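Me: I'm new to reading protein models. Could you walk me through this one with some questions and answers?

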Amino acid sequence: MVMIAIWVYKTYSCKYSNPNDPTQDFDLSTLKLDPSTYYKAHFPISSFSKYDSYFFFNFCNGSVSKCDSGLGLKSCQFFTETALLIPTNDAGNMANGESYNFTSNGLTIEFKGNTFSPTAASDCSSAIEPNRRVTHFNLFCNKSVDTLSVVGDIKEDSRCSYQINLQSKLVCRSCPIDCTQLIHGVNCNEDSWKCNCDTQTYGDYCDQSKIYISSVDSTTTDGGTTFLNGYFGNTISERLNITIGPLQCNNITVYNSSTISCNIGKGEGVKKVTLIDQDLKCIGTFQYLKIKQPCPNNCFSSTKNGICNENTGICSCNQNITGLDCGTKIQTDVPISKPSINDTTGTTTITNENSFYQIGIYSLLEFSFNGSKVNEFILYEKWNKSIIGNENDDGNKISYFNQTLPSMENCTIEYSIEEIINNKNYSFAEIDFNLLPGSIKLRILIKGYKFSNTLNTLQLRIKSTYQQTEPLNDCNSKSLNIDTNNLKNQQLLNYITISKDSKTLYARFINKVISDGRVTLISNSIVGQGTESLLIGLNLPHCVEECEIDPDFGVLVDSQYKSSCDDSDTNQRSKWFISVVIAVPIVGFSLFVIIGAVLYKKYYVSIKVLKVRLEEINK
């Protein structure tokens, strides 16, 4: 018997309520008997008693006629051998103070007898409460006993202290509410005394949702069948409803607890997905894909610079041509890029001549469905190094880092940086890419993030800074120009170009990601812009098991940059630009970005990935 230390003195209403546990609300008023009928328990011979005897008792301040005999006793002890008409000993009187405490499986009520002077035949001077008898009535739960039954003999655990065990359904705990009346309640759990919930909910009242959407498959603008992936439980009701933007998704098919499909009509762009099952709701993002994906500047195909892949929107450039739009000729006498890793801070820097471009994972944030920040974990320069400069099968150098999120022990983030020394081919979402020597590849693996709500999502922030150690030539000075005409989330690929001081930044984003092993969407938007900076938001879906982010950064140098302002042809070189490639295939999140550096003398340019919530586009 586990005792819960709650002692209360009260009048004799026979209702016992545990203020700390609503499941222990006992009404024993039906235990009160007529004085001529009473409860009886046997007290055998023991080290404390030379004779068999019986205790007679009642509850709820009820009298026992056999105990009265003018003594006013409520419970008493008789020695059976003597056949006396008056009780031998006072076994306790509620008038002396009734106290009780709750146990894990019932209730204990204590009666105290009157104090008396010890005699040779009756001596309680060595009792815990000297010269007083105390009787403990230990009531245990037994649902098959309607009123009360005595279990076994009375035990005297110490001098003049008695234990009487009884069983009754009246002290059986119950859930504070009728669980079967809850929408998602199943029954009362008799171990925890809380409601057992269906597979879609949890909580004391089965009102906390467990369902979520981790990914939604795209269709073309013609519409068709889309698949929703996540967790939806095994108790999905017939009232299940799914809308995508303003359209109803019809012919809903539930395959299992993690996959549902439905048919959506024609449309275009990015739409909000809303799944409602009875009183539960979860949201996701859906995108209509154009049947033919446009390429930037059509890859200058009119001048035969490249060919557009209309399935992906990526240019394939001809020989000696480079750039996202195949608009730049490759030069042989340009500065070479050199990446380096800081194994103390976990940052990497790509150096090209007198220009330095630093990249680091800055923070991880959790946002609620309405866009408010729930949690933020600063990751920047807090990495624990694991392996530094190890050579992999490609002949490239790779370094490993990790850290555990504070206050979230089961969530770990693993982070690796790979220096590309030799050409590297890789593929994501059936799109092939090539990394050139001098570039870097990052890998971020987020394991076991614990969301505070199933409607919440994550955001990873990447911090980039640029520094130039020498002033630029005045002949290269030009004002800042940012072109976001190709930043459209309804396209598979997004592009940004930023030009300043005869150098250009190119940014490319693939809007498809992988969350918990499934391809889904990510939104990309400019959320802040200064005179020398740009803020880009990358919003990640609700990933429960594992999120792997795989960005790649590369620096390319091209024509038209003047190393000096000499007008002679022999000393003239066209401007060169830096473009930083970020390709993010994700097991949990996947993204492809190309980010270049905005260069300006003696200035730092910081590009931080900040929070952008995908606007609810329902039109």
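**Bridges and cores**

The structure holds 11 disulfides, a disulfide being a pair of cysteine sulfur atoms within 2.5 Å. This is a predicted model, where local features need pLDDT of at least 70 and side-chain atom pairs count only at pLDDT 80 or more, while totals for chains, interfaces and linings use all residues. Residues are numbered from 1 along each chain as its sequence is written, and side-chain values use heavy atoms, with hydrogens and water left out.

Me: Which residue does Cys-14 join in a disulfide, and where does that partner lie?

Reply: The sulfur atoms of the pair are 1.6 Å apart. Cys-14 sits in the loop between strand 1 (8-9) and strand 2 (15-17), and its partner is 46 residues away. Helices (H or I, at least four residues) and strands (E, at least two) are DSSP runs, numbered from the N terminus. The partner, in the loop between strand 5 (53-57) and helix 1 (65-68), is Cys-60.

Me: Is the disulfide of Cys-14 and Cys-60 left-handed or right-handed?

Reply: Look at the torsion about the S-S bond, which is about -105°. That makes the disulfide left-handed.

Me: Is Cys-197 buried, partly exposed or exposed?

Reply: Buried means under 20% relative accessible area, exposed over 50%, and partly exposed in between (1.4 Å probe, protein chains only). Cys-206, its disulfide partner, has 3% relative accessibility and counts as buried. Cys-197 has a relative accessible area of 21%, so this residue is partly exposed.

Me: How many residues are in the largest nonpolar core?

Reply: A nonpolar core is a set of buried Ala, Val, Leu, Ile, Met, Phe, Trp, Tyr and Cys residues joined through side-chain atoms within 4.5 Å. Among the members that touch the most others are Ile-361, Leu-405 and Tyr-449. Elements giving two or more residues to this core include strand 32 (355-367) and strand 39 (440-447). The number of residues in the core is 32.

Me: What percentage of the residues in the chain is buried?

Reply: There are 1 helix and 52 strands in the chain. In soluble globular proteins, nonpolar side chains tend to be buried together. Of the 619 residues in this chain, the buried share is 50%.
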